[in-house]
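Please have the sequence and the coordinates at hand.

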Amino acid sequence: MFRRSIYKTPAQLRSMVEPGLITAAALDAVRPLIRPGASTLELDAEANRAILARGAESNFQLVRGYHHTICVSVNEEVVHGIPGGRVLQPGDIVSVDCGAQYEGWNGDSAITVVIPDDTRPDVVAQREELSRVTEGSMWAGIAAMASASHLGDIGAAIQGFIEAQGPSARSGETYGILREYVGHGIGRKMHEAPSVFNYRTPDAGAAVKPGLVLAIEPMVTSGGEETFVEDDDWTVSTVDGSDGSHWEHSVAVHAGGIWVLTAPDGGAAGLAPFGVVPAPLA
Ligand code: MG
Ligand code: MG
C-alpha cells in the first residue's frame with residue numbers, strides 16, 4: 001500500500017499557511033464569546049461562520065461521526081467536548097479546539113480561556129495557572145522543534161517544562177499529562193502520522209527535519225492523568241474531577257527554521273521566552 005511520506009515539499013508547506021491562518025481567525029472569532037451566559041453551541045456556530053466566510057470548511061465535520069466545528073471542553077472535561085446547550089458560567093475554564101481545511105490542506109489549533117469570577121478568586125487563579133502551565137509546555141515543545149533531532153526531544157521538552165513548574169495548588173503534585181491522547185502530523189488530512197507524545201518515551205521516534213508539520217497539543221490536568229470517556233462517546237473527562245486545559249498549534253519545520261502556521265506572528269511572541277525566532281516560509 002502506498003504510504004505518504006511524513007515530510008512535505010516546500011510547495012506543500014506553503015499550501016498550509018492559509019488553512020493555518022483561517023484556523024487562527026476562527027479561534028479569534030470565538031474568544032470574545034467565551035463569557036457567562038453563552039452556550040457552547042453559540043461558540044460552535046461562530047467558528048463555522050468564520051471558517052465559511054474565508055472560503056474554507058470545518059475539518060472537524062469531516063471526522064467520522066462528528067458533526068460540529070469545534071470541540072469545547074469545560075472544567076473537568078479535558079478534550080473532545082461536544083457543543084450543545086450548556087451555558088458557560090463565571091469561573092469556568094474552557095478549552096476550544098478548532099480546525100479548517102482550505103484547498104485540501106489543514107490547520108488545527110486549540111486555546112484555553114478562564115472566565116473571570118470575583119466571588120472565587122482562588123479557583124480562578126488555580127485555573128489560570130493550569131492554563132499558563134499547559135500553554136507554556138506547548139511553546140516549550142514547539143521551541144524544541146527548532147533544534148530537535150528526533151520526535152522524542154519534543155515530548156521530553158513538554159514534560160520537562162511541566163515538571164519544572166512544581167506542584168499543582170489543587171493536588172499538591174506535579175500537573176497530570178494525558179497519556180492516551182497525543183499530538184500528530186497534519187497535512188492533506190487533519191490527523192496524519194507520526195504521533196507526537198507529550199511525555200518522555202524510550203524511543204527517539206522519527207527524525208525532525210525540513211518538511212515535517214506537527215500539531216503540538218499538550219493536554220494537562222490540575223490533578224491526576226487518568227481520564228474516561230463520557231456517555232456521549234466523545235467527551236474526555238478527568239477521573240478525579242480535577243480541571244483540564246488544552247493548547248495546540250500546527251507547526252512547520254523548513255530549511256530556514258520553524259514557523260507556527262496557526263499563529264499570525266508565526267509564533268514569535270510565544271517562542272521569545274525560549275530564545276527561538278520563527279522564520280517565515282520562503
Ligand atoms: Mg485540535
Ligand atoms: Mg490536533
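The model is predicted: local features need pLDDT of at least 70, side-chain atom pairs count only at pLDDT 80 or more, and totals for chains, interfaces and linings use all residues. Residues are numbered from 1 along each chain as its sequence is written, and side-chain values use heavy atoms, with hydrogens and water left out.

The magnesium ion (ligand 2) has four protein donors, at 2.1 to 2.3 Å. Donors are N, O and S atoms within 2.8 Å of the metal (3.2 Å for Na, K and Ca); water is not among the atoms, so sites may look incomplete.

| Donor residue | Donor atom |
|---|---|
| Asp108 | OD |
| His184 | NE2 |
| Glu217 | OE |
| Glu248 | OE |

Along the chain the donors are spaced D-x75-H-x32-E-x30-E. Asp108 also bridges to the magnesium ion (ligand 1), and the two ions lie 3.2 Å apart. His184 and Glu248 are both buried, meaning under 20% relative accessible area, with exposed over 50% and partly exposed in between (1.4 Å probe, protein chains only).

An open sheet has five strands, ordered β8-β7-β9-β14-β15, with antiparallel pairing. Strands are DSSP runs of E with at least two residues, numbered from the N terminus, and two of them pair if DSSP finds at least two bridges between them. Its edge strands are β8 (192-196) and β15 (257-260). Strand β9 (residues 213-216) is joined to β14 by four bridges, and Ala215 stands opposite Ser250 in β14.

Terms used
Chains are lettered from A and ligands numbered from 1 in the order in which they are written.
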